[in-house]
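This report describes the fold of one chain and the surface through which it meets its partner. The sequence and structure are shown first.

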Amino acid sequence: MFAFAHQVLSGLAMGSVYASFALAIAMIYQSTRLVNFAQGEMAMFSTYLAWAMINAGLPYWVAFSLTVVLSFVLGAAIERLVIRRFDSAPVLTVVIVFIGLLVIINSVAGWLFTYSIKSFDSPFPESARFGGGYMSPHEMGAIGVTLTMLALIYVFFRFTSLGLAMRAVAQNPVSARLVGIRVGRMLAIGWGLAAAVGAVAGMMAAPIIYLDPNMMSGVLLYGFAAALLGGIDNPWGAVIGGFLVGVLENIAGAYLVGSEIKLSVALAIIIGVLVAKPSGLFGRVIVARV
Amino acid sequence: MTLARSGAALEAEGSRRARVTAVAVALLCLFALPFVASGYQTFQFSQVVIYAIALLGLNLLTGYNGQISLGHGAFFAIGGYAAAILIVKFGVPYGEAIPIAGAVCFLAGFLFGLPALRLGGLYLALATFALALAAPQLLKFKAFDAYTGGVQGLLLAKPKAPLGLPLTRDQWLYFLCLACAAPLFWAAGNLVNSRIGRALVAIRDHPIAAEAMGVDAALYKTTTFGLSAAYTGVAGALMGLIVGFVSPDSFGLFLSLSFVVGIVVGGLASIPGVFVGALFIEFVPNFADRLSDVLGESAKAMPWAIYGLLLILTMYAAPSGAAGAVRLLMQALERRRRRA
């Protein structure tokens with residue numbers, strides 16, 4: 001029983017990372033109907049930035065905050081400089097552009113920081129002070145940081161006028177523009193926010209899965225699975241999907257298939273959801289118009 | 001009137017003759033190549049032919065039928081492993097193993113195409129992306145070790161030339177690749193210019209209109225997925241043979257992505273374009289390797305930076321790739337000739 005509870009709780013820790021990712025994916029999907037395949041590499045790059053700052057002697061939380069701000073700027077810049085050019089392009093074109101971004105960021109990270117695996121220290125104390133040994137302090141901390149971030153984002157979208165404007169753009173860009181909202185700027189802010197959320201997820205994941213340019217492929221895949229499971233057009237559903245998928249991953253790894261084919265579990269979840277319930281658990285069912 | 005028509009007929013006859021001559025010259029060059037190139041260069045050109053087959057498969061699916069696959073490396077892997085397992089574990093001759101590998105991949109592609117039917121463009125891209133990431137892990141899975149050789153992969157003996165032909169192994173394998181490529185290209189060329197090919201393009205351009213015209217979109221899409229996987233699987237089987245080795249880590253995400261790069265650079269929905277794409281993905285990494293001798297280890301990351309930039313620039317400036325650029329150039333020349 002202890003082992004099972006341990007698997008579930010530590011699943012929640014990686015689940016918080018997947019939840020952040022799924023949120024970032026769902027946020028971009030909601031406003032643009034696109035899935036950002038480069039989301040994982042963007043988070044990987046942010047994590048490297050944090051690593052470089054910590055190595056340069058900055059205290060962890062200063063580096064953390066700077067990374068979040070920098071990621072926001074980089075994400076918004078990518079939207080303004082690249083994605084904007086493909087505004088009304090067909091899906092195939094945009095997917096290819098995302099793949100282009102993915103491989104560019106991956107190779108730039110490999111070039112700047114080499115492909116050797118680095119360790120990334122956790123900001124949380126080594127010794128377990130709470131949780132009765134069910135969870136490591138880092139796992140507790142990661143969940144805490146994620147929940148705090150989610151609360152902040154909720155407050156932002158629910159109680160600020162900027163958040164309201166962004167929700168309006170996601171729901172109906174034409175009407176939003178008619179009431180005077182700068183739609184382009186909101187999209188850039190959305191990309192920046194998604195990049196910042198991804199950066200936090202990356203920094204929380206790095207102490208668990210280590211730092212290398214390909215670290216995010218698995219996380220991205222589970223993020224996709226989470227977003228689809230929760231409903232890709234419902235950010236809060238995606239978050240719940242993230243925690244579910246994290247627990248599912250750990251239980252499947254421990255009791256069903258072993259940890260070597262974790263990615264196939266994500267593949268199975270993705271295909272299973274798409275076939276059985278394409279709108280996800282909490283998504284809206286969309287009827288296509290001819 | 002008759003004069004004008006016979007003039008046009010003459011011109012058509014002339015352009016047909018020019019095309020036949022061009023194809024004949026190209027075939028002659030392809031045939032002579034292994035006798036002038038070194039063993040390693042012959043091996044590289046065998047790889048180019050193999051990539052061309054794989055890219056042709058992907059282009060049928062993505063370029064002509066509009067179904068995005070980011071995971072064709074997985075079918076390349078299935079083809080390679082199917083052939084290797086048949087040859088090593090069951091003693092099947094390689095001449096039979098290659099078509100069987102193609103058939104296995106057709107089945108795999110058809111089955112993957114069934115759920116893919118329900119997925120619009122973006123979701124299919126997601127599912128195939130997941131397939132590309134999961135493939136190496138599945139190949140390493142312990143339960144299949146007895147067949148797949150696990151992390152180590154499988155070693156294959158490179159076949160000798162049959163009938164006492166005076167060819168080295170590399171030369172023979174090159175001709176084997178050509179012999180596989182020729183009927184596949186011929187069939188694909190005929191396919192896309194037929195009723196079926198027009199149906200594929202119609203499904204890509206407007207699925208609802210295509211269905212209204214009586215095209216069975218579901219059947220066409222799954223069959224195309226199977227056919228595309230079969231082409232890529234044959235290519236994978238040939239790759240296993242010429243390298244003499246299959247291992248899980250040679251079939252990662254980046255193999256799948258380089259196929260995407262190949263068809264985009266060569267030209268979506270173009271058959272000659274796949275050769276441009278194949279030359280590109282074969283020789284650009286080589287070139288970068290040579291640069292890394294000069295610029296240091298970190299230049300190893302270069303080809304992918306170049307690939308990425310080219311992907312975005314091609315989509316921005318020349319969405320029809322190299323083949324489209326050539327087509328535009330020819331049209332411009334033709335117009336100038338007319339005017340003169």
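## Contacts along chain A

In this predicted model, contacts within chain A with a sequence separation of 6 or more are counted, and 75% of them join residues 24 or more positions apart.

## Secondary structure

Chain A contains 11 helices and zero strands.

## Overall dimensions and burial

The radius of gyration of chain A is 19 Å, and a compact globule with 290 residues would have a value near 19 Å, so the two agree.

Of the 290 residues in chain A, 50% are buried.

## The contact between chains A and B

The contact between the two chains draws 37 residues from chain A and 39 residues from chain B. On the side of chain A that touches chain B, at least two residues each are supplied by α4 (91–113), α9 (216–230) and α11 (262–276). Of these helices, α4(A) provides the largest share of that side, with 16 residues.

By residue class, the side of chain A that touches chain B comprises 27 nonpolar, eight polar and two charged residues.

How values were computed. Residues are numbered from 1 along each chain as its sequence is written. Chains are lettered from A and ligands numbered from 1 in the order in which they are written. This is a predicted model: local features need pLDDT of at least 70, side-chain atom pairs count only at pLDDT 80 or more; totals for chains, interfaces and linings use all residues. Two residues are in contact if their C-beta atoms, placed from the backbone, lie within 7 Å. Helices (H or I, at least four residues) and strands (E, at least two) are DSSP runs, numbered from the N terminus. Ala, Val, Leu, Ile, Met, Phe, Trp, Tyr, Cys and Pro count as nonpolar, Asp, Glu, Lys and Arg as charged, and the others, Gly among them, as polar. The radius of gyration is taken over C-alpha atoms; the globule rule is 2.2 Å times the number of residues to the power 0.38. A residue is buried if 20 or more other C-beta atoms lie within 10 Å of its own, exposed if 12 or fewer, and partly exposed in between; C-beta atoms are placed from the backbone.
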